[in-house]
Amino acid sequence: MDVFLQTLVAGVLKGGLYALIGIGMTLIMGVMGIINLAHGQLMMLAMYVTFVLNTMGVDPYFSLFVAMPLLFLLGVGLQKFLLNPLIKADTILPENQVLMTVGIGMALTEIVRFGFTSDYKYITTTYSNETFFLGKISFSMALTIAFGIAIAFTVAMFFFLIKTDLGRSIRATAQDKDAATLMGVNTGRITVITFGLGSALVAAAGCLLAPVYYIFPDLGGPFTAKAFIITILGGLGSTVGAIFGGVTLGLAESMGATYFGMEYEDIIGLTIFVLVLLFLPGGFKRLTKV
Amino acid sequence: MKKNLLPILLLAVLAAVPLVLQDNYYLHLLILFLMWVVIGSAWNLIAGYTGQVSFGDAAFFGCGAYTAGLLATHFGVSTWWGLALGGFTAVAVGLPFGWICFRMRGAYFALATLALNEVLRHGATIAEGFTGGMVGILIMPSFVSKIPYYYIALALAAASLASLQWVVRSKPGYYFVSIREDQDAAESLGIDTHLYKMLSLAYAAFWTGMAGALYMNYMGFIDPHVVFNLHDISIMAILVGIVGGVGTVYGPAVGSFVMVTVQEMFRSGFFGLFKWLGAVSGSDSLVRVAAVLTQAHVLGFGLLVVVVILFLPNGIVGDWPKIRKRVFRLDAGA
């Protein structure tokens with residue numbers, strides 16, 4: 001029973017971070033209808049920002065205030081100068097934007113590799129390896145803090161989308177772009193802002209993950225994969241779904257690692273992905289309708 | 001006939017190449033080029049003609065390669081049997097996958113292909129007893145000379161192009177295009193879209209698997225990270241298709257030539273140009289530029305994707321009239 005509870009806790013803590021990664025992806029997905037395959041790479045970039053700041057003595061959690069605006073600006077730039085021009089281009093394949101994000105992801109990975117080589121980097125803080133106990137269950141200090149901040153961001157994002165004018169415009173664009181344009185929403189600007197927001201959110205996830213993970217340029221690919229599994233699980237474009245999806249993936253991964261073996265961790269994510277596509281196309285969104 | 005003249009001439013020239021050019025390095029590049037023609041045109045049928053973009057060509061490539069390799073390690077038969085069976089194994093993997101995943105459209109399907117590749121890669125890594133895991137499979141190449149491989153690759157490339165041309169001009173070919181243009185309209189006109197998408201996938205899987213089997217025979221070594229590689233196989237296949245021209249018969253051939261050249265240019269530091277310049281001028285910085293460039297081929301790929309999609313969204317062949325107008329200042333209609 002203790003093993004099970006411990007696995008459950010580890011899974012939920014990891015799931016909080018995954019949710020943060022997934023929300024960024026699902027926002028972009030909902031508004032632009034494309035899958036951002038550079039999502040993990042953006043997170044990787046944020047982790048390197050954290051790393052550089054850390055060598056200058058800045059705490060990883062404070063580097064949130066640097067990495068998020070930086071990545072927001074980068075996301076805005078990418079959307080404005082690379083992705084938006086493609087909408088007008090007359091092509092056979094509508095997936096050009098997705099391919100563009102693949103190219104962006106590759107370029108980002110290699111640029112980072114130039115700067116920092118492929119070596120694994122670590123950020124060690126006083127709380128990296130600290131744990132505390134509730135009963136017999138151990139909680140990693142860094143992951144618990146990260147979970148708390150991730151939840152805070154998620155809730156803030158949620159209220160932003162529901163209560164503010166900008167949030168409403170984003171949701172309107174996601175629901176029906178043409179109708180939103182007719183209602184006077186500047187959808188071009190909304191897509192730019194959304195991509196920036198998505199990048200900033202994944203940057204936050206990167207900063208929170210940095211103290212407990214190792215950092216290397218190829219980290220982006222697997223996390224992009226996780227992000228789209230979460231998005232598919234939750235239902236494309238659904239914020240609530242992304243939270244459920246993130247936690248489900250976190251749980252499934254840690255359960256799989258405990259009860260099947262570490263090498264199956266990645267396969268479990270993919271199996272869930274395929275199962276959801278088969279039996280619940282549309283993801284949790286279909287169940288919750290949010 | 002006039003339309004087919006240029007390809008036939010090219011084929012004749014390529015067939016004569018080994019008589020003149022015996023240099024192993026250039027033959028190696030040409031073999032790679034021909035292999036990518038096969039993969040690129042297969043990708044082009046499923047993505048360019050049928051409109052189902054696949055991000056997981058490496059899955060089929062790996063199936064073909066592993067068929068050849070496993071036949072040799074487990075049954076002791078020649079890896080050349082892989083060339084006969086590799087394509088069919090890829091189809092055997094592709095059809096059930098397609099049956100399940102063609103219920104999804106557009107980006108969903110692309111993601112599913114990505115997942116298929118990941119599952120196969122992890123599977124091949126974990127099943128150590130069967131596939132050799134990360135150790136991979138090593139075989140002795142049948143020929144020392146590269147010329148036999150060259151002709152086999154050439155035959156494969158020619159056959160795949162000929163079959164592609166035949167397919168796209170047959171009835172299913174037009175069905176494929178109708179699915180790409182508007183699936184619902186195609187469905188309402190009585191086309192069994194699910195069946196035809198599967199047919200298209202089977203074709204793509206078959207040729208990609210054949211290319212994989214060729215790769216196993218030619219390179220003599222495979223492991224899960226080599227053949228189920230997202231960047232080096234799947235993305236490269238997409239690039240070959242896009243650079244050359246999506247939805248054109250000869251586009252991937254052009255794209256393959258460009259991509260293999262670009263890849264090699266980066267890998268060899270523009271064929272040793274910078275190194276040579278550095279040695280001649282005695283400048284250290286040029287030597288350093290050469291060293292940096294040789295590491296930058298993936299970066300080059302990434303930037304190439306960005307540039308090509310921005311400026312030539314339909315590829316070199318697809319946007320040829322545009323290029324002619326812009327670069328040569330000729331009227332496209334003439």
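1. A definition to start with: a helix axis here is a line fitted to C-alpha atoms over the stretch in contact, and the angle between two axes runs from 0 to 180 degrees between N-to-C directions. With that in hand, and bearing in mind that this is a predicted model, have a look at helix H3 (residues 64-88) and helix H8 (residues 187-209) of chain A, whose axes come within 7 Å and cross at roughly 145°. The crossing of H3(A) and H8(A) is right-handed.

2. Which residues carry that contact? On the H3(A) side they include A:Leu64, A:Ala67, A:Met68, A:Leu71 and A:Phe72, and on the H8(A) side A:Gly188, A:Phe195, A:Gly196, A:Ala203 and A:Ala204 are among them. Sorted by class, the contact of H3(A) with H8(A) has 14 nonpolar, nine polar and one charged residues.

3. Setting aside neighbours within four places in sequence, A:Ala203 is in contact with A:Leu42, A:Met43, A:Ala46, A:Ala67, A:Met68 and A:Leu71.

4. Now the two chains together. How many residues of chain B are in contact with chain A? There are 34, and they meet 34 residues of chain A. On the chain B side, the elements giving two or more residues are helix H2 (24-49), helix H5 (107-126), helix H12 (230-244) and helix H16 (297-311). The residues on this side of chain B divide into 26 nonpolar, seven polar and one charged.

5. Helix H10 (residues 239-259) of chain A makes a handy geometry check. Its 21 residues reach 30 Å from first C-alpha to last, close to the 30 Å expected at 1.5 Å a residue. Just after H10(A), A:Gly261 takes a positive phi of about 130°.

6. Another backbone angle to note is at A:Thr117, where phi is near 60°, a positive value in a residue other than glycine. Most residues other than glycine have a negative phi. A:Thr117 sits in the loop between helix H4 (96-116) and E1 of chain A. Is A:Thr117 buried or exposed? A:Thr117 counts as exposed because 12 other C-beta atoms lie within 10 Å, and 12 or fewer is the cut-off for that class.

7. A:Thr131 is partly exposed, since 13 other C-beta atoms lie within 10 Å. Beyond its neighbours within four places in sequence, A:Thr131 is in contact with A:Ser138, A:Phe139, A:Ser140 and A:Met141. A:Gln175 is 44 residues from A:Thr131 along the chain, and their C-alpha atoms are separated by 44 Å.

8. In chain B, B:Phe221 is found in strand E2 (residues 221-222). B:Phe221 is partly exposed, with 13 other C-beta atoms within 10 Å. B:Phe221 and B:Val135 are 86 residues apart in sequence and 9.9 Å apart in space, C-alpha to C-alpha. Leaving out neighbours within four places, B:Phe221 is in contact with B:Gly136 and B:Leu138.

9. Last, A:Gly57 lies in the loop between helix H2 (39-55) and H3 of chain A. A:Gly57 counts as exposed because it has 6 C-beta neighbours inside 10 Å. The C-alpha atoms of A:Gly57 and A:Gly22, 35 residues apart along the chain, are separated by 30 Å.

Note on methods. Residues are numbered from 1 along each chain as its sequence is written. Chains are lettered from A and ligands numbered from 1 in the order in which they are written. This is a predicted model: local features need pLDDT of at least 70, side-chain atom pairs count only at pLDDT 80 or more; totals for chains, interfaces and linings use all residues. Helices (H or I, at least four residues) and strands (E, at least two) are DSSP runs, numbered from the N terminus. A crossing is left-handed if the near helix is turned anticlockwise from the far one by less than a right angle, and right-handed if clockwise. Two residues are in contact if their C-beta atoms, placed from the backbone, lie within 7 Å. Ala, Val, Leu, Ile, Met, Phe, Trp, Tyr, Cys and Pro count as nonpolar, Asp, Glu, Lys and Arg as charged, and the others, Gly among them, as polar. The expected span of a helix is 1.5 Å times one less than its number of residues. A residue is buried if 20 or more other C-beta atoms lie within 10 Å of its own, exposed if 12 or fewer, and partly exposed in between; C-beta atoms are placed from the backbone.
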